[in-house]
Amino acid sequence: MKITELFERGEFVVSAEVGPPKGFHVEHLLEEAKTYLKGVHAVNVTDNQSSVMRLGSLAMCKALKDEGLNPIFQLACRDRNRIALESDLLSAAMFGIDNVLCLTGDHTKLGDHPQAKPVFDLDSVSLLHTVAKLEEGEDLGGNKLVGEPPKFAKGAVVSPCSDSVDAQLAKMERKVAAGAEYFQTQAVFEPEKFIKFMEKAKQFGKPVQLGIIIPKSAGMVKFMNNNVAGIHVPDEMIEELKADPEKAKAGITGVEIAARIIKECKPYCQGVHIMALGWESKVPALLEAAGL
């Protein structure tokens with residue numbers, strides 16, 4: 001089901017993210033998804049996230065769909081030129097995968113193959129335009145498609161807690177103009193910044209899902225503060241994670257923090273996107289604690 005249809009029905013849309021394995025055996029991941037993610041509306045599949053080589057997003061989306069889950073196909077421009085991107089979009093349509101999240105992608109120098117040549121033939125904005133062109137029955141070369149054109153729910157990302165809010169709003173505007181129909185945000189740890197951003201972003205009239213990471217430890221969030229753009233975890237949250245290491249290790253503290261953020265931000269957004277980062281087993285507890 002298209003995620004846009006859920007937004008149109010007025011549902012508060014919850015999605016969660018999974019990363020394919022560095023291999024092709026997916027049975028364990030599928031069982032975890034069916035067990036722990038049955039309470040979400042859709043499951044994002046990352047596309048060689050952080051430039052680390054893994055099983056392809058499209059293959060994992062097909063496997064999830066075959067198990068009755070609703071996948072969102074994350075598609076990054078880093079590894080493919082426009083021909084390959086268009087081809088993968090048509091492949092997704094053939095498999096009945098109708099949700100796509102368009103990303104530029106992290107540079108290859110950040111991943112496990114730093115010697116790999118990045119492509120970046122397109123970026124996230126021009127990829128959104130490409131999807132829209134395919135939906136009109138034509139490729140970027142101006143060639144007509146055979147048969148009925150594909151139809152996707154076209155998603156994009158935004159970083160509401162970035163140091164430059166105006167730059168993020170400008171990017172969001174360009175993505176809307178290119179065809180973005182919904183947005184998922186970078187992880188939010190500062191609700192007050194998110195709320196201020198959303199007051200300005202509502203001008204675009206597009207549904208936004210609040211990005212949530214369940215923090216695992218003080219060390220993890222310090223790493224994100226130092227290395228992940230658009231994320232800042234306040235000192236008081238770091239101290240909360242430090243206060244009881246065993247409670248934090250069990251995921252209890254992280255779930256409490258994440259649920260608190262969701263409750264505070266829920267009136268200002270149209271959904272939540274959970275980036276579990278291997279803690280898919282904590283998603284049901286988070287949904288319950290957040291009242292979702």
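**Entry 1: ground rules**

Helices (H or I, at least four residues) and strands (E, at least two) are DSSP runs, numbered from the N terminus. I worked on a predicted model, in which local features need pLDDT of at least 70 and side-chain atom pairs count only at pLDDT 80 or more, while totals for chains, interfaces and linings use all residues. Residues are numbered from 1 along each chain as its sequence is written, and side-chain values use heavy atoms, with hydrogens and water left out.

**Entry 2: two residues with positive phi**

I looked up Ser 50, and I found it in the loop between strand S2 (42-45) and helix H3 (57-66). Its phi is positive, about 60 degrees, although Ser 50 is not a glycine. Most residues other than glycine have a negative phi. For accessibility I used these classes: buried is under 20% relative accessible area, exposed is over 50%, and partly exposed is in between (1.4 Å probe, protein chains only). Ser 50 has 37% relative accessibility, so I noted it as partly exposed.

I then turned to Leu 277, which sits in the loop between strand S8 (271-275) and helix H12 (283-290). Leu 277 is not a glycine either, and its phi is positive at about 50 degrees. Its relative accessible area is 38%, so Leu 277 is partly exposed.

**Entry 3: Lys 216**

Which residues does Lys 216 touch, leaving aside its neighbours within four places in sequence? Contact here means heavy atoms within 4.5 Å. I listed Ala 248, Lys 249, Ala 276, Leu 277, Gly 278 and Trp 279. Lys 216 itself is in the loop between strand S7 (208-213) and helix H8 (218-227). Because its relative accessible area is 25%, Lys 216 is partly exposed. I also checked Lys 249: it is 33 residues from Lys 216 in sequence, and their C-alpha atoms are 6.5 Å apart.

**Entry 4: an aromatic pair**

A pair of aromatic rings is described by the distance of the centres and the angle of the planes. The rule I applied is that rings of Phe, Tyr and Trp (its six-membered ring) pair if their centres lie within 6.5 Å; planes under 30 degrees apart count as stacked, over 60 as edge-to-face and the rest as tilted. I counted one aromatic pair by this rule. Phe 7 belongs to helix H1 (residues 3-8) and Tyr 182 to strand S6 (residues 182-187), 175 residues apart, so the pair links distant parts of the chain.

Are the two partners buried or exposed? Phe 7 is buried at 12% relative accessibility, and Tyr 182 is buried at 0%.

**Entry 5: helix H5 and its two partners**

For helix pairs, axes are lines fitted to C-alpha atoms over the stretch in contact, and angles run from 0 to 180 degrees between N-to-C directions. Angles under 35 degrees count as roughly parallel, over 145 as roughly antiparallel, 65 to 115 as roughly perpendicular and the rest as oblique.

I took H5 (residues 124-135) with H6 (residues 165-178): the angle is about 15 degrees and the axes are 8 Å apart. H5 is therefore roughly parallel to H6. H5 contributes Ser 124, Val 125, Leu 128, His 129 and Ala 132 to the contact, and H6 contributes Arg 174, Lys 175 and Ala 178. For classes, Ala, Val, Leu, Ile, Met, Phe, Trp, Tyr, Cys and Pro count as nonpolar, Asp, Glu, Lys and Arg as charged, and the others, Gly among them, as polar. This contact has four nonpolar, two polar and two charged residues.

Next I took H4 (residues 82-94) with H5, whose axes come within 11 Å and cross at roughly 50 degrees. That angle makes H4 oblique to H5. On the H4 side I noted Leu 85, Glu 86 and Leu 89, and on the H5 side Leu 127, Thr 130, Val 131 and Leu 134. Five of these residues are nonpolar, one is polar and one is charged.

**Entry 6: H9, H11 and Thr 253**

The axes of H9 (residues 235-243) and H11 come within 9 Å and cross at roughly 150 degrees, which means that H9 is roughly antiparallel to H11. Met 237, Glu 240 and Leu 241 of H9 meet Thr 253, Gly 254, Ile 257, Arg 260 and Ile 261 of H11.

I followed up Thr 253, which is in helix H11 (residues 252-265). With a relative accessible area of 2%, Thr 253 is buried. Apart from neighbours within four places in sequence, Thr 253 is in contact with Glu 240, Leu 241, Lys 247 and Ala 248.
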